[in-house]
Number of protein chains: 2
Amino acid sequence: MKALLLIAHGSRKASSNQEVADLAAKLKQKDHGFDLIEHAFLELTDPKVPHTIDSLVNSGASHITLMPYFLAAGMHVTEDLPELLDDAKTQYPNVSFKLLTHLGAAQQMPEWILGFAQDKA
Amino acid sequence: MKALLLIAHGSRKASSNQEVADLAAKLKQKDHGFDLIEHAFLELTDPKVPHTIDSLVNSGASHITLMPYFLAAGMHVTEDLPELLDDAKTQYPNVSFKLLTHLGAAQQMPEWILGFAQDKA
């Protein structure tokens, strides 16, 4: 089973965390090609990444794609997430993990921004 | 003249700020429908938003679209940016300003994420 895990920073502001949960709910409603989609946070709020990885593996996930919902390659993206990936690989050697680049580095980002801005300007 | 101003938070990490500058450079190369495109930061690094607004107006911008390059509606998005907008309107009453919702609230975000994740998973 293929799983997508959307990873956000986490905020002290509950509404910001809810935005991420709502986004994950919207992803689930789309035609997405994954068997499971969940979200998790790095800091400040739950569910945390290791907890959600446990849950996905317990649900039968054999391939987990970690998608950093970050615009900039700060320390969280360059250090914390690779560490979490290493821990997950050690804990679940029979599961295939893939850590994507952060969303801000998506090649499509310029098109996304212009599409959004042109639509609303 | 129509201008697009991409606004990011700004980081202590020079490479993160450079990501934003690089992104703005990529936007300029696209078929974008704006006469001017610039980027600016809220904090920690230059150019700051008011400085870049001055520069756009001096370059002849009459319509400026402010595009928050943020994924979450934290205090910067809900308080700082509307304040900057008010200041700009007061300073330049003959210029039309429009503050877009932050990128994370774009209706297209679920499609963008899935397109990116499916492509790379």
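Predicted model: local features only at pLDDT ≥ 70, side-chain atom pairs only at ≥ 80, totals over all residues.
Trainee: How many bridges join β3 of chain A to β4(A)?
Mentor: Strand β3 of chain A covers residues 63–68, and β3 and β4(A) run parallel. One pair to find in the structure is A:T65 with its bridge partner A:K98 in β4(A). The number of bridges joining the two strands is four.

Trainee: Let's move to chain B. What is the strand order there, and which are the edge strands?
Mentor: Chain B has an open sheet of four strands with parallel pairing, in the order β2-β1-β3-β4. The twist averages 20° from one strand to the next. Each edge strand pairs on one side only, and in chain B these are β2 (36–41) and β4 (96–99).

Trainee: Which strands of chain B does helix α1 touch?
Mentor: Helix α1 of chain B, residues 14–29, packs on the sheet. Its direction makes about 170° with that of β2(B). The strands that α1 touches are β1 and β2 of chain B.

Trainee: And which strands does α3 of chain B lie across?
Mentor: This helix is residues 75–91 of chain B. It runs at about 175° to β4(B). The strands it lies across are β1, β3 and β4 of chain B.

Trainee: How are the two chains related to each other?
Mentor: A rotation of 180° with 0.0 Å of shift along its axis superposes chain A on chain B, with an RMSD of 0.0 Å. The contact surface agrees as well, since 100% of the contact residues of chain A recur in chain B. The two copies are thus related as by a two-fold rotation axis.

Trainee: Which residues lie closest to the centre of the largest pocket?
Mentor: This pocket has a volume of about 1100 Å³. By class, its lining has 20 nonpolar, 14 polar and four charged residues. Of the 38 residues that line the pocket, the closest to its centre are A:H9, A:F70, B:H9, B:F70 and B:L71.

Trainee: Which element gives the most to the lining of that largest pocket?
Mentor: The elements giving two or more residues are α1 (14–29) and α3 of chain A, with α1 and α3 of chain B. The one that gives the most, with four residues, is α1(B).

Trainee: What about the second largest pocket: where does the largest share of its lining come from?
Mentor: About 160 Å³ of space lies in this pocket. Both chains line it, with A:L71, A:M109, B:E19 and B:Y69 among the residues. The lining divides into seven nonpolar, two polar and three charged residues. The largest share, four residues, comes from α1(B).

Trainee: One last stop, the loop between β2 and α2 of chain A. Which peptide bond there is cis?
Mentor: The loop between β2 and α2 (49–58) of chain A holds A:P47. A:L44 lies in this loop too, and its phi is near 75°, a positive value in a residue other than glycine. In chain B, a cis bond joins B:D46 and B:P47. In chain A, with omega near 0°, the cis bond runs from A:D46 to A:P47.

Methods. Residues numbered from 1 in each chain as written. Chains lettered and ligands numbered in written order. Heavy atoms only, no water. Pairing = 2+ DSSP bridges. Axes fitted to C-alpha atoms, helices over the stretch in contact; angles between N-to-C directions. Contact = heavy atoms within 4.5 Å. 1 Å grid on protein atoms, 1.4 Å probe; cavity = no way out; pocket = protein on both sides within 12 Å on 5 of 7 lines; lining within 4 Å. Points joined across faces, edges and corners; volume = space filled by probe spheres on them. Nonpolar A, V, L, I, M, F, W, Y, C, P; charged D, E, K, R; others polar. Least-squares fit on C-alpha atoms with pLDDT ≥ 70 in both.
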